[in-house]
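I opened my notebook and decided to write down what I look up, one item at a time. Come along and check each entry with me.

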Amino acid sequence: MIDALTVAVGVTALVLAAWCGFAAYRDEPTKDWHFIGMAVVSLLALVQLVIGIVKLAGGEKPDDGTAIFLAYLIGAAACVPAAGFLSLSERTRWGSVTVAAGAVVLAVLEVRLYDIWGGGHG
């Protein structure tokens, strides 16, 4: 995988989590600007998904198995959009909490993806 992209996805996810967490602290639902942030993070995760699939198709293999890598890769691409859709049905501070939690999950998935691919072994 591309380490810089993995870091970028993780860091932007944590920024989104902090931003939505602050909105929840202020008793605010997700707003249009939050959805733009979610779109940016989701786009980065989607780019990562495509690059991961291209690398697998090109013959590269993750250290801990292709199936688990693909599962984490798809989960990473889906978690922020899923949280965003859930926040639309919960137009209170809890919608912001949902997005913040989804973004934290994405950051954790990024660490795991790095490990599965073989980061840190060389």
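**Entry 1: salt bridges.** I began with charged pairs and found that the structure holds five salt bridges. I kept in mind that this is a predicted model.

I looked up Glu-28 and saw that it pairs with Arg-26, with the closest N and O atoms 3.7 Å apart. Glu-28 also forms a salt bridge with Lys-31, and there the closest N and O atoms are 3.8 Å apart. Is Glu-28 buried or exposed? I noted that Glu-28 counts as buried because its relative accessibility is 18%, and the cut-off for buried is under 20%. Arg-26 is partly exposed at 49%, and Lys-31 is partly exposed at 39%.

Next I checked Asp-64 and Arg-112, whose side chains meet in a salt bridge of 4.0 Å, N to O. This pair links distant parts of the chain: Asp-64 sits in the loop between H2 and H3, Arg-112 sits in helix H4, and 48 residues separate them. Asp-64 is partly exposed, with a relative accessible area of 42%. Arg-112 is partly exposed too, with 30%. I also wrote down that salt bridges with shared partners join Arg-26, Glu-28 and Lys-31 into one network.

**Entry 2: the overall fold.** I counted secondary structure and got four helices and zero strands. Along the sequence the pattern reads α-α-α-α. For the overall size, I compared the radius of gyration with a rule: a compact globule of 122 residues would have a value near 14 Å, and the chain has 15 Å, so the two agree. The C-alpha atoms fill a box of roughly 45 × 25 × 20 Å along the principal axes. Of the 122 residues, 39% count as buried.

**Entry 3: helix H2.** I picked H2, which covers residues 32-57. H2 has 26 residues and reaches 37 Å from its first C-alpha to its last, close to the expected 38 Å. Which residues of H2 are buried? My list includes His-34, Gly-37, Met-38, Val-41 and Leu-56. Their cover includes helix H1 (3-25), helix H3 (66-89) and helix H4 (93-117). Just after H2, I spotted Gly-59 with a positive phi of about 105°.

Entry 4: Leu-43 lies in H2, and Leu-43 counts as exposed because its relative accessibility is 53%, with the cut-off for exposed at over 50%.

Notes
Residues are numbered from 1 along each chain as its sequence is written. This is a predicted model: local features need pLDDT of at least 70, side-chain atom pairs count only at pLDDT 80 or more; totals for chains, interfaces and linings use all residues. Side-chain values use heavy atoms; hydrogens and water are left out. Helices (H or I, at least four residues) and strands (E, at least two) are DSSP runs, numbered from the N terminus. Buried means under 20% relative accessible area, exposed over 50%, partly exposed in between (1.4 Å probe, protein chains only). The expected span of a helix is 1.5 Å times one less than its number of residues. Contact means heavy atoms within 4.5 Å. The radius of gyration is taken over C-alpha atoms; the globule rule is 2.2 Å times the number of residues to the power 0.38.
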